[in-house]
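This report describes the fold, the packing and selected residues of one protein chain. The structure is shown first, and the description follows.

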Amino acid sequence: GQCRLLCKPSALAQHLVRSLGRSAALRGGRWPWPRWPQLQMLWQLLQPPEPEPVVARELLQLPDAGLVALDWLVGPWGAAGGGGSVSSPVLLLIPNAAGKVTAGLLQLGLRALERGFIPVIFNRRGHNGCPLTTPRLQPFGDPGDLREAVTYLRCRHPSASLLAVSEGSGSGLLLAYLGESGSSSRLVAAACLSPIFRGRDWFEAGMPWLYEWPLLLHLKQGLSRYTGALAEVVDMDRLLGSRSLRELEETLFCRTRSRPTSWESYWERNEPLRDADEAAVPVLCLCSADDPVRGAPARSLPRELFRSSPFFFLLLSPLGGHCGFPRRGTGRCWAHEAVLEYFRAMGEFLRTEERRKGLPRPR
């Protein structure tokens, strides 16, 4: 499929090349409008999932009394592998930074459910109907709440492998978590679909209105529910009058009433790759060269990171848009099959290494 894998040479890299090379996902069908990434993006945003999944919500209380929501995919009824077993791998799904759970993310969860995974969606404070119990939202690259959720999942499923996959701008949270946690991340492997690597540059460059305005409206609708609580810490008139994602982000996290900070200082603490050198978990990043949201590959892809780190792998496709990677027929997104094949290959490689070295499985 003309995809390229950019990474540092290693035994794991060779194994991934063989596994992905045999996968039918990368040889997938053709999209009727291959060179219209804007249309691909619109199709991906508007296409409803088939079938509509059934979810069970669980609220997790954080140390400061805030709440995040975990949505466990448990249906549709009759799906093969639904529910999984005690030792089935748990797949943590992270939506984009606006908290919008797209049809594509739900489709990935359903594909994983059919293959015996236990998929669960992580919803940030105040996102996707999660109650906001404290006047605080989660900054772009602050992994504190995600760390609490991962710790809870590990306690609930102590014998299962824990995996994570993020979509679009939500990858900033996952990448920041992997860098800050290092070898203590508790994850076995991770994947990012159309990730945003450079958060500040992304906000400052702006995006196509076709993507920015729906997400901006989605965020404002969610924030308007908490006008009374948030009015104590931010200027709600300015917030709800924001005309760009950058203006909204700056108003929400930099121009606060209690602890104002500069735009520069905010990104020193929230850039996704600020601690990338500390990451110790294999991460597959699926990107397309024609992604209209991330920007031109020359300025938005940190190629040197993939050449120097043994844990970062870039699967670069010439076409695919933003989180689209469309194809005809069942599945509709070949990247979902590639991610699940990557997780299967990772498990196979780790089991082989354990047998070769005679290492006990980590508890």
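Predicted model: local features only at pLDDT ≥ 70, side-chain atom pairs only at ≥ 80, totals over all residues.

Strand 7 runs parallel to strand 6 (residues 162-167), and 5 bridges join the two. Within this pairing, Val-165 has Ala-191 of strand 7 as its bridge partner, and Glu-167 has Leu-193. Strand 7 also pairs with strand 8 (residues 283-288), in the parallel sense and over 4 bridges. Here the bridge partner of Ala-190 is Val-283 in strand 8.

Strand 6 is mostly covered, with 6 of its 6 residues buried. Leu-162, Ala-164 and Ser-166 point one way from strand 6, and Leu-163, Val-165 and Glu-167 point the other way; all are buried. Strand 6 pairs with strand 4 in the parallel sense over 5 bridges, and Leu-93 stands opposite Val-165 of strand 6 in this arrangement.

A right-handed β-α-β unit is made by strand 6, helix 5 (residues 171-181) and strand 7. Helix 5 is largely enclosed by the rest of the structure, because 10 of its 11 residues are buried. The buried residues of helix 5 include Leu-173, Leu-174, Leu-175, Tyr-177 and Leu-178, along with Gly-172 and Ser-181. Just after helix 5, Gly-182 adopts a positive phi of about 60°.

## The sheet as a whole

The protein chain contains 14 helices and 9 strands. An open sheet with mixed pairing is formed by 9 strands, in the order 1-9-8-7-6-4-5-3-2. Strand 1 (4-6) and strand 2 (55-61) are the edge strands, each pairing on one side only. Averaged over this sheet and with direction ignored, neighbouring strands are turned by 20° against each other.

Strand 2 pairs with strand 3 (residues 67-73) in the antiparallel sense, over 7 bridges. In this pair, Val-55 stands opposite Leu-73 of strand 3. Helix 14 (residues 334-357) packs on the sheet and touches strand 4 (90-94), strand 6, strand 7, strand 8 and strand 9 (312-317). The direction of helix 14 makes about 165° with that of strand 7.

In soluble globular proteins, nonpolar side chains tend to be buried together. The largest nonpolar core has 39 residues, of which Leu-92 and Leu-178 touch the most other members. Helix 5 supplies the largest share of this core, 5 residues. Leaving aside neighbours within four places in sequence, Leu-92 is in contact with Val-120, Phe-122, Leu-146, Val-150, Leu-153, Leu-163, Ala-164 and Val-165.

Across the protein chain of 363 residues, 55% count as buried. Among contacts with a separation of 6 or more, 76% are between residues 24 or more positions apart.

## Cysteines

A disulfide is a covalent bond between the sulfur atoms of two cysteines. The structure holds 0 disulfides. Cys-192 is in no disulfide, and the nearest cysteine sulfur, that of Cys-285, is 4.5 Å away. With a cut-off of 2.5 Å between sulfur atoms, that pair does not count as a disulfide.

Cys-192 is buried, with a relative accessible area of 0%. Cys-7 has a relative accessible area of 18% and is therefore also buried, the limit being under 20%.

## Trp-263

Trp-263 lies in helix 11 (residues 263-270). At 5% relative accessibility, Trp-263 counts as buried. Not counting residues up to four places away in sequence, Trp-263 touches Arg-200, Phe-203, Glu-204, Arg-246, Glu-249, Glu-250 and Cys-254. One of these residues, Glu-249, is 14 residues from Trp-263 in sequence and 9.5 Å from it in space, C-alpha to C-alpha.

Technical notes:
Residues numbered from 1 in each chain as written. Heavy atoms only, no water. Pairing = 2+ DSSP bridges. Right-handed = clockwise from strand over helix to strand, strands pointing away. Axes fitted to C-alpha atoms, helices over the stretch in contact; angles between N-to-C directions. Contact = heavy atoms within 4.5 Å. Buried < 20%, exposed > 50% of the residue type's maximum accessible area, 1.4 Å probe, protein only. Core = buried A, V, L, I, M, F, W, Y, C linked by side-chain atoms within 4.5 Å.
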